[in-house]
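Biologist: I have this model open and would like to walk through it with you. Can we go from the overall fold down to single residues?

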Amino acid sequence: MFYNNLKRLLFLFLTILLTNTIVATQIRVVTINEDFASITKEIGGDLVHVSSLVKGSRNIHNIIPKPSMVMKVKKADLLIRLGMGQDSYVDSLIQVAKNKIIFPNQIGYIDASKNIKKLDVPTGKLDGRHGDVHKYGNPHYWLNPRNGIVIARQIKNHLIKIDPQNADIYERNTFLFAEKLSIKINEWEEKARLLKNSSFITYHKTWDYLFDAFNLDHIGELEPLPGIPPSVKHLTQLKKIVLTNNKDIIILNASYFPTHDGKTFAAAVNGKFVKLSANVGEQNINTYIDLFDTIFNSL
């Protein structure tokens with residue numbers, strides 16, 4: 001009896017010790033959003049502990065840094081940012097945290113936009129007359145699922161540099177994620193074909209990568225210029241464009257933008273209004289694949 005109890009205690013002790021060792025050696029990854037966090041979990045599995053600075057679907061143009069973000073960055077082994085000049089507040093977080101491993105060009109720093117084919121890159125001289133134009137291009141690039149594979153490979157490469165002894169695991173997980181995502185992309189392409197007789201109008205240029213990835217017809221935005229609220233003049237001109245269009249009209253609104261103008265315009269042109277999350281972390285969207293399943297099932 002005593003021997004059996006001793007064995008149970010020893011087994012319990014070793015289990016706790018092993019669990020604490022695994023937790024202690026996890027790579028601490030901080031991402032700018034839950035989309036990148038989801039991809040990181042696919043690649044790192046139990047070898048990573050992932051947290052995001054921005055939860056759910058948020059307007060990436062209006063993020064205010066918080067002291068809690070500094071603490072996350074201070075403890076990070078790997079930081080994954082959006083880039084393209086869109087999350088400049090991350091630079092201040094890095095400087096305040098003074099965590100050298102996540103400084104630019106270090107193994108703990110990833111600008112996820114690095115290898116992305118960028119859309120809507122402006123040409124010519126920019127000034128305030130152009131609205132809130134992104135001089136490095138449209139930053140909503142995670143909304144092309146093929147870019148998810150590009151991002152995953154960047155994450156894999158850095159995890160291998162940080163933790164080379166588990167390189168085979170990161171390689172295998174990246175391969176499996178890319179395979180799974182590629183199969184789903186084929187499914188989404190089939191659903192996109194059902195939308196060939198639809199034209200899309202958006203509040204903001206949030207969905208350009210989605211339209212480009214699935215060859216969807218996008219004919220305009222409710223904003224006259226990026227960051228400028230809809231005006232009567234602009235909506236009147238947009239309505240003229242719609243009246244010459246023989247397709248069904250869908251007003252696609254990211255959940256963090258106001259809905260009044262979109263609903264009113266949809267009613268005026270006999271179109272359909274669809275409000276959708278553009279990120280993981282909202283509306284029961286728990287993974288990167290969930291995000292696109294939700295988008296296409298809704299459309």
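Biologist: Among contacts between residues at least 6 apart in sequence, what share joins residues at least 24 apart?
Modeller: That share is 63% in this chain, where a contact means heavy atoms within 4.5 Å. Bear in mind that this is a predicted model, in which local features need pLDDT of at least 70 and side-chain atom pairs count only at pLDDT 80 or more, while totals for chains, interfaces and linings use all residues. Residues are numbered from 1 along each chain as its sequence is written, and side-chain values use heavy atoms, with hydrogens and water left out.

Biologist: How many helices and strands are there?
Modeller: The chain has 10 helices and 8 strands, taken as DSSP runs numbered from the N terminus (H or I of at least four residues for helices, E of at least two for strands).

Biologist: And what percentage of the residues is buried?
Modeller: Buried residues account for 48% of the 299 in the chain, with buried meaning under 20% relative accessible area for a 1.4 Å probe, protein chains only.

Biologist: Let's turn to the sheets; in what order do β1, β2, β3 and β4 lie?
Modeller: They form an open sheet in the order β2-β1-β3-β4 with parallel pairing, where two strands pair if DSSP finds at least two bridges between them. Because β2 (48-52) and β4 (109-111) stand at the edges with a single partner strand each, one side of each is left without a neighbour in the sheet. Neighbouring strands here are turned by 15° against each other on average, direction ignored.

Biologist: Which helices lie across that sheet?
Modeller: Helix α2 lies across β1 (27-31), β2 and β3, running at about 175° to β2, whereas α5 lies across β1, β2, β3 and β4 at about 170° to β4. Those angles run from 0 to 180 degrees between N-to-C directions, with axes fitted to C-alpha atoms, for helices over the stretch in contact.

Biologist: What about the strand order in the other open sheet?
Modeller: That sheet has 4 strands in the order β6-β5-β7-β8, again with parallel pairing. Its edges are β6 (217-221) and β8, each with a single partner strand, so one side of each has no neighbour in the sheet. The twist averages 30° from one strand to the next. Helix α8 (residues 232-243) packs on this sheet, touching β5, β6 and β7 (248-254), and its direction makes about 160° with that of β6.

Biologist: Switching to the core, which residues have the most contacts inside the largest nonpolar one?
Modeller: They are F36, Y141, I201, W207, F214 and F265, in a core of 88 residues; such a core is a set of buried Ala, Val, Leu, Ile, Met, Phe, Trp, Tyr and Cys residues joined through side-chain atoms within 4.5 Å. Helix α6 (residues 167-193) supplies the largest share of this core, 8 residues.

Biologist: Why does N279 count as buried?
Modeller: N279 counts as buried because its relative accessibility is 2%. Its side chain makes a polar contact of 2.9 Å with that of D35, the term meaning a pair of N or O atoms within 3.5 Å where, within protein, one must be able to donate a hydrogen and the other to accept it, and residues adjacent in sequence count only if both atoms are side-chain atoms. Not counting residues up to four places away in sequence, N279 also touches residues including N33, R58, W142 and L291.

Notes:
Buried < 20%, exposed > 50% of the residue type's maximum accessible area, 1.4 Å probe, protein only.
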